[in-house]
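Take a first look at the chain below. The report then moves from its overall layout to single residues and contacts.

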Amino acid sequence: MVRLTGKQRRRLPKTAFAFKSKRKYPIDTKARARNALARAAQNSSKATQRTIRARVTRRWPSLKKTGAGRRRKKKT
């Protein structure tokens, strides 16, 4: 993933961010959208995570969670 410079970040439209008002979590590319999801999972509340996931899936429908990541424990 190519790193964003300050100049490039300022040139991005508000729609390229998950939080438009604060211009946080850029989602202009699939790689940055995946990164936004990962960073939100590490540092944000559940409500913030839901907001970011909704905006990422609206912009990149192919990144929609399929449920394959979570596995249930087998009952023995």
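The chain has 3 helices and 2 strands. Both kinds of element are DSSP runs, numbered from the N terminus: helices are H or I with at least four residues, and strands are E with at least two. Starting at the N terminus, the order is α-β-β-α-α.

This is a predicted model, in which local features need pLDDT of at least 70 and side-chain atom pairs count only at pLDDT 80 or more, while totals for chains, interfaces and linings use all residues. Residues are numbered from 1 along each chain as its sequence is written, and side-chain values use heavy atoms, with hydrogens and water left out.

**Burial**

The chain holds 76 residues, and 24% of them are buried. Buried means under 20% relative accessible area, exposed means over 50%, and partly exposed lies in between (1.4 Å probe, protein chains only). The areas come from the Shrake-Rupley method with a 1.4 Å probe; for residues, only the protein chains shown count as cover.

**The strands and their loop**

Tyr-25 lies in strand β2. Its relative accessibility is 16%, so Tyr-25 counts as buried. Tyr-25 is not a glycine, yet its phi is positive, at about 60°. Arg-23 sits in the loop between β1 (17-19) and β2 (24-26). Arg-23 is not a glycine either. Its phi is also positive, at about 55°. Arg-23 is partly exposed because its relative accessibility is 26%.

Pro-26 belongs to strand β2 as well. Pro-26 has a relative accessible area of 13%, so it is buried.

How many aromatic pairs does a search of the whole structure find? It finds 1. The partners are Phe-19 and Tyr-25: their ring centres are 6.1 Å apart and their planes meet at 50°, so the pair is tilted. The rule takes rings of Phe, Tyr and Trp (its six-membered ring) with centres within 6.5 Å; planes under 30 degrees apart are stacked, over 60 edge-to-face, and the rest tilted.

**Charges**

A salt bridge needs a side-chain nitrogen of Lys or Arg within 4 Å of a carboxyl oxygen of Asp or Glu. The count is 1 salt bridge. It joins the side chains of Arg-32 and Asp-28, at 3.0 Å from N to O. Arg-32 is buried because its relative accessible area is 12%.

On the surface, Lys-46, Arg-50, Arg-53 and Lys-65 form a patch of positive charge. Patch residues have over 30% relative accessible area and no salt bridge, and like charges are joined within 9 Å. Lys and Arg count as positive, Asp and Glu as negative; His and the chain ends are not counted. Each charge is placed at NZ of Lys, CZ of Arg, CG of Asp or CD of Glu. One member, Arg-50, is found in helix α3 (residues 46-59). Arg-50 has 57% relative accessibility, so it counts as exposed.

**Pairs apart in sequence**

| Pair | Apart in sequence | Apart in space |
|---|---|---|
| Pro-26 and Ala-16 | 10 residues | 5.7 Å |
| Ala-54 and Lys-64 | 10 residues | 9.0 Å |
| Asn-35 and Met-1 | 34 residues | 9.6 Å |

Where do two of these residues sit? Ala-54 is in helix α3. Its relative accessibility is 34%, so Ala-54 counts as partly exposed. Asn-35 is in helix α2 (residues 30-43). Asn-35 is partly exposed too, because its relative accessibility is 24%.

How values were computed. Patch = residues over 30% accessible without salt bridge, like charges linked within 9 Å, V, L, I, M, F, W, Y side chains within 5 Å.
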